[in-house]
Amino acid sequence: MNTHPQATLQIKDKKYDFPIYNGTEGPDVIDISALYKETGHFTYDPGFLSTASCESSITYIDGDAGILRYRGYNIDELAEKCDFLSVCHLLLYGELPNEEQSEWFNRTITLHTMVHEQLQFMLRGFPRRSHPMAVMVGASASLSAFYHDSLDINDPDQRELAAFRMIAKMPTLAAMCYKYSIGQPFIYPNNELSFSENFLHMMFATPCEKYKVSPTMAQAMDKLLILHADHEQNASTSTVRLAGSSGANPFACIGAGIASLWGPAHGGANEAVILMLREIGHKSRIPEFIARAKDKDDPFRLMGFGHRVYKNYDPRAKVLRETCNQVLDELGIRDEPLLEIAMELERIALEDEYFVQRKLYPNVDFYSGIIYRAMGIPTKMFTVLFAIARTAGWVAQWKEMIEDPKQKIGRPRQLYNGATERHLGSKKKMRKSA
Ligand code: SDX
């Protein structure tokens, strides 16, 4: 007896029923896992616009209302009142840490921030002008060559240890990429510093003198990391889940996630926004670029605008817009020309029928780059910072998937429209005899 409400599909004169499940929030789902067996048909949903790939209790997004919640807490509240490591604990374990848990978790992460000394020689094999994301893809996956005691995905302790290592080591690897690119010596982690202070210290300190991290910058960095930490089943998280579904080790899965995040349609957009604002160069040229963004024959898109899920203002962009002004004020940067262009671009776009009709609003990448720039982060490092933050979400989602008793290897099907059966001509030998 099926207790779930049913969705009925009719194909020709035959009807098929499929169960409908409802979650705690958001759209109900139709379980079509038996569709092929019962009807001989596949569903067809390129880009997965209407497909739920899994069940999850980590992050909830309501795109129409512009809502983003980690484990039920609204993103603006978390960004305002928490620090990044507390949010990592929340994503991993479902609850914010109490004082004792916070002490344990922070100390645990701190003690994993160093990377194996041998790793630097892998980095040194790259040209110094390499894009840091190219290095990060390799470096994160290569952690599996060093940390053999956290590769067994069936051992919950090893899964947890791998999660700690990835959260802890991403900033170290990122700072090493940056130092290597500018020919400066690597700076080791400093266990006296908080997560964000430590990252900024590794990025900007030198062995030659004491470097004090600005509390304002550390606080802004922590907020940026929280805002970027997780986002439901986005492209890179889905990549991590799919890679993990085959039983691949967690470090390799994160490497796959970094590769997907690099794309300009995804995490690479924050770097692309700055390049776009620089190309626009002056407010007077904005109409020319708006016209290009609307021109179907022009591949140009307004970077930092639009979203698959948000058909309203991205709640993270709202927080970043305010943070932008705060950081620039605190740094005494009065006239950041790129911010002026960005705000004028947003004003014009949000009045333009093309953007209004398609519900194209600024997303998380629209303002983040301006803040990073003000903090002295080079443009090529912007997506690396996104990866540092999203590692928390990736490991939480990967852990949830591995622990899901219903988890199976992900293996989508296709609509085949290639050649039908044909045979090699008998006339001439296809392979020259040796
Ligand atoms: C992130 O998924 C996530 O959650 C991602 C993310 C996360 O935290 O993980 O939120 C992070 O990736 C944010 C998005 C960053 N990317 C960009 O800013 C790049 C610019 N944006 C677009 O490329 C686009 O908006 C996407 C990729 C973000 C979403 O694309 P969709 O959902 O596939 O939408 P679409 O391409 O079908 O666009 C719908 C219409 C099209 O026009 P029509 O065919 O209806 O005439 O809107 C147009 C598009 O041409 N459109 C844009 C546009 N984005 C969509 N036109 C101009 N400029 C844009 N930015």
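Biologist: Hi! Which residues of α17 are buried?
Modeller: Hi! In this predicted model, the buried residues of α17 are V364, D365, F366, Y367, S368, G369, I370, I371, Y372 and A374. That is ten of the eleven residues in the helix, which runs over 364-374, and α17 is mostly covered.

Biologist: Nice. What covers them?
Modeller: Several other helices take part, including α9 (215-227), α12 (269-280), α14 (315-330), α15 (337-349) and α18 (382-402).

Biologist: And which residue caps the N-terminal end of α17?
Modeller: N363 does, with a side-chain oxygen 2.8 Å from the backbone nitrogen of D365. Just after the helix, G376 has a positive phi of about 85°.

Biologist: Switching to rings, how many aromatic pairs does a search of the whole structure find?
Modeller: The search gives 16. One of them is Y36 with F42, ring centres 4.7 Å apart.

Biologist: Are Y36 and F42 buried or partly exposed?
Modeller: Y36 is partly exposed, at 45% relative accessibility, and F42 is partly exposed too, at 34%.

Biologist: How about F366 and Y367, what kind of aromatic pair do they form?
Modeller: An edge-to-face one, 5.0 Å centre to centre with 80° between the planes. Both F366 and Y367 are buried. Ring pairs also link them with F305, Y354 and F355 into a cluster.

Biologist: Back to Y36, what lies over its face?
Modeller: R413 does, at 6.0 Å from the ring centre.

How values were computed. Residues are numbered from 1 along each chain as its sequence is written. This is a predicted model: local features need pLDDT of at least 70, side-chain atom pairs count only at pLDDT 80 or more; totals for chains, interfaces and linings use all residues. Side-chain values use heavy atoms; hydrogens and water are left out. Buried means under 20% relative accessible area, exposed over 50%, partly exposed in between (1.4 Å probe, protein chains only). Helices (H or I, at least four residues) and strands (E, at least two) are DSSP runs, numbered from the N terminus. Contact means heavy atoms within 4.5 Å. A polar contact is a pair of N or O atoms within 3.5 Å; within protein, one must be able to donate a hydrogen and the other to accept it, and residues adjacent in sequence count only if both atoms are side-chain atoms. Rings of Phe, Tyr and Trp (its six-membered ring) pair if their centres lie within 6.5 Å; planes under 30 degrees apart count as stacked, over 60 as edge-to-face and the rest as tilted. A charge sits over a ring if NZ of Lys or CZ of Arg is within 6 Å of the ring centre and within 35 degrees of the ring normal.
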